[in-house]
Amino acid sequence: MSNRKSEEKNGIQQVLFWLCVAVVSIVAFWLRWKGIYHMTADMDECLIPWSADLNTDQGIFALRNFKGDYNMPYITILWLLNYLPGETIVKVKMVSILFDYAGSVAAGLLAAKISRSGKYFLIGYALCLFYPVTIMNSAWWGQCDFIYVTFLLYMLLALWTGRFKTAMVMLGFAFSFKLQAVLLLPFVLMYYWKSRSFKVANFLLVPVTMEVLSIPAIIAGYSVLIPFTIYNRQLGRYPYVYWFYPNFWALFREAPYYIFGKVATIGVLLTLAAVTIMVIQRKTALTKEGWMKLALWTTFVMMAFLPSMHERYGFLLEILAILVGILDFTMLWLPIVLGTCSTITYLQVTFAKHYVNDIWIAVVFLLAFGIATYQLLLRWKWLEVGSDSKSDEEVSKLTKAENLVLDFVNKYICEFAVLAGVILVVIQRKPVYELMSADYLSNLIQADGNVHTFLYVGLMNLLAVVKVKPLLFLVKSLCLVSDIAVAALLAWRYELYLKKSKKNGSPLVLFLFYLVMPTTMMISGIWNHLDSFVMCLLMVGHAIGMTLRENQELSKKQVIIRTALVILLIGSGALLFISIPSSVEAGTALLFPVLTALLYLCFVSVHFVPGFVCLELAAVITWGQYLYERPLEVAVVALPLAIIGAVWSFGLLVRKVVR
């Protein structure tokens, strides 16, 4: 009798479940149909003309008439739509709407799979369908971003269920529709490297899938390389690093891409390399929820700092944020904040109206990145399984040769990373070597009216015997060498701390993070100031003092005296190079050492991360207005950020000292 009641209860629950799915689906479609005839510039100038060029009279050979920069599988769909009755605008948008549902199903399945609870399917499905950006992207704007995101979600689902060949096929589908699928590629490589659950040969399925989907275009007369060469039309297309997406580069929208594009890209690569090293060096495995959060964070990094990001490119980030918010309610604020930022941006583009300055949105976006990073670091241990042992997911399924290669790389990962990091930093700085900041001549060469100290001016006068360009090269080279030296000294100091405290950590990650810190690039690589040189001298003095203190052959009195003299003459004496506190530059000279110290403290305790993020963002905003000789509209927010960061950091220091 009890079994019968249980079956009846389950039957009622299933009916209610499918009834909720039906209601959600119908209401979601009604909202989309409201915008089905809304005409945007992209629809009027691109999608409808492209579809008109793909007339059915020429059959499959009409594909040769395509002049845009979308990949051929989507263009093949546009061509096939011409064989169906109806208006082009409706047919194009209906394809995107179809993938709204397919992608929402994938999101629901992922949420249910990771949480191991079927009730999360409906939550994931409904939230993705009713997400404002999802509705505007497909039904109102007529774009197709949920198509490639759908395949990426099914790729993640295949990874979690152990169907790795299917996962690579799904990744190939994603790349076939949008180059933005590359946003998830670093995560996939991390998963392969850490879990060793599938062979590297499986990656070959990605280009094979792209070729198969391009067969109609190849038959029409395109090269067999068309799945890959079509994206060349997108690369380097925009002249500036800012292109409507409210990320870091919204603060410097006039910055030319040919200079700062490589700077930003290499900086992101170094950041991802540092995170990869941190993940690989940990002996414990990650849970599925942990991997999902890592996918979110790596995508977040790229969207926050890569140049020339279009306003639609954050779609994957926002869907991942929804999934993470479902799995961890403490992070449910993130999709709300990101969704609000994107909704405002979408409305401004879709309806051609200006509501909020993108710079303000960028500040909120970057603060969200900092808070999310802090939360993820705090919960890192919660996302691990096992202890010095491998989980079922980490049992190696690689070939013997692959395991040998990865073991070799893991063994010497520090040496490889230092070498690669230094090389990449040199390459990163090359584009800015010819860039001369506005105050370069007045502050670094001319003595009259110079606000720097006599030692600083004396050094510049000594270097000024050469011509301006060689002098610029010498100063920038000195800054570069100083940056690398400070990064190395910070890593060395952190290693001593780890040995003394018997904690786990990676000095190499600190080394890389200092080199990619935005203020490091701004103050030495772009601004040509010697603050990193000052930091180098201070760190050398500190290092010598530490070495003397560890020398047991000296008496305590001798150690104190020699340490004090070294720090006084080498360390504190370096302060003579800092400008006098009667000008704006004094603030930069004082703030940069504070930021460097805070970065170090972030590795000692993650609780310093919010203070560091606030001060770093305040410095970027403040220094940026002098780089471009115009005040940024959000300069008023720099002071509150600096105060919050200072109070947070100082309060933590006092609390730790008291304890």
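Modeller: Arginine 429 is found in helix α19, which covers residues 413–429. The model is a predicted one. With a relative accessibility of 2%, arginine 429 counts as buried, because buried means under 20%. The side chain of arginine 429 makes a polar contact with the side chain of aspartate 483, at 2.6 Å. Aspartate 483 is also among the residues that arginine 429 touches once neighbours within four places in sequence are left aside; the others are Leu480, Thr520, Met521, Ser524 and Gly525.

Helix α24 runs over residues 518–526, and proline 518 lies in it. Proline 518 has a relative accessible area of 22%, so it counts as partly exposed, whereas arginine 429 is buried. Not counting residues up to four places away in sequence, proline 518 touches Phe248, Glu616 and Val620. Phenylalanine 305 is 213 residues from proline 518 in sequence, yet their C-alpha atoms are 9.8 Å apart in space.

Next comes helix α23, residues 507–516. Of its 10 residues, 9 are buried, so α23 is largely enclosed by the rest of the structure. The buried ones are Pro507, Leu508, Val509, Leu510, Phe511, Leu512, Tyr514, Leu515 and Val516. Helix α6, residues 132–140, is also largely enclosed by the rest of the structure, because 7 of its 9 residues are buried. In α6 the buried residues are Val133, Thr134, Ile135, Met136, Asn137, Ser138 and Ala139. Glycine 142, which follows α6, has a positive phi, near 80°.

Leucine 251 sits in the loop between α12 (226–229) and α13 (257–281). At 1% relative accessible area, leucine 251 is buried. Leucine 251 and aspartate 358 are separated by 107 residues in sequence and by 8.5 Å in space, C-alpha to C-alpha.

Now the chain as a whole. It has 659 residues, and 54% of them are buried. Its secondary structure comprises 29 helices and 2 strands. Among contacts with a separation of 6 or more, 77% are between residues 24 or more positions apart.

In soluble globular proteins, nonpolar side chains tend to be buried together. Here the largest nonpolar core has 200 residues, and those with the most contacts inside it are Tyr74, Ile75, Leu156, Leu159, Trp160 and Met292. Leaving aside neighbours within four places in sequence, tryptophan 160 is in contact with Leu110, Lys113, Ile114, Phe187, Tyr191, Lys288, Trp291 and Met292.

Last, the empty space. Rolling a probe the size of a water molecule over the atoms shows where such space is left. A search of the whole structure finds 2 cavities of 30 Å³ or more. The second largest cavity holds about 30 Å³. Tyr245, Pro246, Glu318, Leu338, Cys341, Ser342 and Phe365 line the second largest cavity. By class, that lining has 5 nonpolar, 1 polar and 1 charged residues. Helix α16, residues 333–350, supplies the largest share of this lining, with 3 residues.

Key. Residues are numbered from 1 along each chain as its sequence is written. This is a predicted model: local features need pLDDT of at least 70, side-chain atom pairs count only at pLDDT 80 or more; totals for chains, interfaces and linings use all residues. Side-chain values use heavy atoms; hydrogens and water are left out. On a 1 Å grid over the protein atoms alone, a cavity is a set of points where a 1.4 Å probe fits but cannot get out, and a pocket is an open set with protein on both sides within 12 Å along at least five of seven lines; lining residues have an atom within 4 Å of a point. Grid points are joined across faces, edges and corners, and a volume is the space filled by probe spheres set on the points. Helices (H or I, at least four residues) and strands (E, at least two) are DSSP runs, numbered from the N terminus. Ala, Val, Leu, Ile, Met, Phe, Trp, Tyr, Cys and Pro count as nonpolar, Asp, Glu, Lys and Arg as charged, and the others, Gly among them, as polar. Buried means under 20% relative accessible area, exposed over 50%, partly exposed in between (1.4 Å probe, protein chains only). A polar contact is a pair of N or O atoms within 3.5 Å; within protein, one must be able to donate a hydrogen and the other to accept it, and residues adjacent in sequence count only if both atoms are side-chain atoms. Contact means heavy atoms within 4.5 Å. A nonpolar core is a set of buried Ala, Val, Leu, Ile, Met, Phe, Trp, Tyr and Cys residues joined through side-chain atoms within 4.5 Å.
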